[in-house]
Structures are given as structure tokens and as C-alpha cells.
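Dear colleague,

Please find the sequence and the structure below. A summary of the findings follows.

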Amino acid sequence: MSYNLLKGKKGLIFGALNEQSIAWKVAERAVEEGAEIVLTNTAVSIRMGTIGELAKKCNTIVVPADATSVPDLENLIDRTMEHFGGKFDFMLHSIGMSPNVRKGRTYDDLDYDYLAKTLDISAISFHKAIQVARKKDAINDWGSIVALSYIAAQRTLYGYNDMADAKALLESIARSFGYIYGREKKIRINTVSQSPTQTTAGSGVLGLNDLMDFAERMSPLGNATAEDCANYVLTLFSDLTRKVTMQNLFHDGGFSSMGMSRRAMKTYGKGLSMRFDDVHENQYPFGKE
Ligand SMILES: NC(=O)c1ccc[n+]([C@@H]2O[C@H](COP(=O)([O-])OP(=O)(O)OC[C@H]3O[C@@H](n4cnc5c(N)ncnc54)[C@H](O)[C@@H]3O)[C@@H](O)[C@H]2O)c1
């Protein structure tokens, strides 16, 4: 269903790799809501993924850019403004990658060159994109910038590795730049902290299926899907959220406020009693409770 929420708005979307990507869903929904968009990704991802199909569907162009390269970003912003014939209104940063995770390096055995890459790709690229856009005065007053984050920025989740540090930095950049861009141009900057989601980047996370199952049981509303995320992000690009800025907004079915749910406790309890039955009773001198 379309509400024409983004009628007349223009935006730049980073990070659509394939149909599963959160950025892909945001692009589709933004166009349904009346926006014009430009898409971007790295040259390799454009070749390996299916972003060309999305561009056709959304009647737009794809501009290759490595989001860690300032010259690439300068070219991207110039070409985006050329395409739109002027400034635009919103920008989505939907980028994440950790070479340490990819190469199986654990958090207590990080490769520091990889860590620098994790931070550059997953967090500092957000700063670079905003800085380049601001220097080129590319975004209209009352515009909106969103990046995607994860609760590992606040809480330790087994296996999320150095991406947790990248997300903490990403959220901090939203606050620090949110102050500057808000003060000057009323442009708001927020991060959306999304439930675990089955995507290419998501599948890199250790035990994603178990994590998704746990989060599903813990969240009163269940996990938020990529489509749900797109809908939420659109509200942040719309004029209905003009005074929301410098926030990390949880979009997770309630997970972030939970300690323990009945559904999770039942599963955990079953696991405990199975283990209890499996072993000799005197190994548990404190009893079954
Ligand atoms: N999937 C999840 O469980 C989940 C949960 C919370 C937040 N997020 C975040 O959502 C965002 C999008 O991820 P996704 O799950 O849709 O996966 P995805 O793999 O579809 O998207 C990640 C994108 O990052 C792009 N990218 C990597 N390096 C880049 C670079 N140097 N320059 C430009 N682009 C680059 C990739 O090409 C890809 O399109 C990420 O920030 C991710 O951390 C994902």
C-alpha cells in the first residue's frame, strides 16, 4: 500500500546487493511512496549482485563507488546531483563488512589491518559520505540521513566480533554529525537498530539462525523483517519525523527492552532438563531448579 509519503523527494541509497538486502527493500518502497532515487554500490558488488535489475525496476541509474574512497564519493554526489538536476532529500547508508569475521579471526585474535578496514567500511564511510555531501551542499534543508545499526553496539552478542565496535562508532557519528548538520540545515541523522535479518551480510554473523531464533522468542512482536525495516526507514525520510535526530532507534519487535521472555525461558528450560536427564544426577548436587 502506498501513502505517497515521499512524493517529490529524491534520495541516494547505498548498499543494495541483491533482493535480500535491506537497502533493496528500502529502494523499492521509496519509489512506491513517490520518491526518485539513485543507487550505488562497489563495482565488484554491482558485478556480483543483481542491483541492475533493481535500477530497471526503479527507473534509475547505478553509480559505482567504494564508500571508503573520498574521490569515489565526490564523483557519486556530483553524478547524483546531475541526475536529479540539483540537491536531494535523503540518504541511506546500508553498508557493513568485517574482514576479521570473513576470515574467521576471533575478537581476542584480531588482525588490526582488518579491524581498520571493518571500521572504515562499516562506520567511517558514513562520516565520509556525510562530509562529502555537506561540502557539496548536496542535501536540501530538512533532509534526512539514516544508517543501519545493530544492538551489538550496546550489548555483547557472541560472535558479532569487531562489527560491534564499528556499530558503536557508527551510532556516535550519527550524533556528532547530527548536531552540526541539524544546527546548520535542519538535516537530521539517525541510526536504525534492526533485528537480525537473513541477508548476505547477516549470514556472515556466527550462528545467525540461532541468533534469529533467540531474538524471535525474546521479542513480543517477533523479529522485524527487511520489509518492516524499509517501512520504518521511509517514515524517517518523510516529513512526519522532522524533529527526530541524533537517535539510535531500535526496530526490533521489542527485543532491546526484554530481559527474559516466557517463550525463550521455555526453550532454555527444555534444554536444561534434557541435559539434566542425560547426565548422572550427582553431578547436580543443587537439584533440578
Ligand atoms: N542482516 C542483519 O542481520 C542486520 C541487522 C542489523 C543491521 N544490519 C545492517 O544493515 C546494513 C545492510 O546489510 P544487509 O543485511 O542488507 O546485507 P547486504 O550484504 O545485502 O548489504 C551490505 C552492503 O554493503 C556493501 N558494501 C560493502 N563494502 C562496501 C564498500 N566499501 N562501499 C560501498 N558498499 C559496500 C555491500 O556491497 C552490500 O551491498 C549493514 O550496515 C548491516 O550491518 C544488518
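Into which domains is the chain divided? There are two: domain 1 (10–258) and domain 2 (259–289), with bounds that come from an automatic or database domain assignment. This is a predicted model, in which local features need pLDDT of at least 70 and side-chain atom pairs count only at pLDDT 80 or more, while totals for chains, interfaces and linings use all residues. Residues are numbered from 1 along each chain as its sequence is written.

The C-alpha centres of domain 1 and domain 2 are 40 Å apart. Four residues from domain 1 and six residues from domain 2 form the contact (C-beta atoms, placed from the backbone, within 7 Å).

Around the ligand there are 28 residues, of which Ser21, Ser45, Gly96, Ala201 and Gly202 come nearest (a residue is near if its C-beta atom, placed from the backbone, lies within 6 Å). Two or more residues of this shell come from each of α1 (22–32), β5 (139–149) and α8 (200–203); helices (H or I, at least four residues) and strands (E, at least two) are DSSP runs, numbered from the N terminus. The largest share, three residues, belongs to α8.

Helix α1 also packs with helix α10 (residues 226–237), at an angle of about 55° and with the axes 8 Å apart. Axes are lines fitted to C-alpha atoms, for helices over the stretch in contact, and angles run from 0 to 180 degrees between N-to-C directions. The contact includes Ile22 and Val26 of α1 and Leu234 and Phe237 of α10.

Yours sincerely

Key
Contact = placed C-beta atoms within 7 Å.
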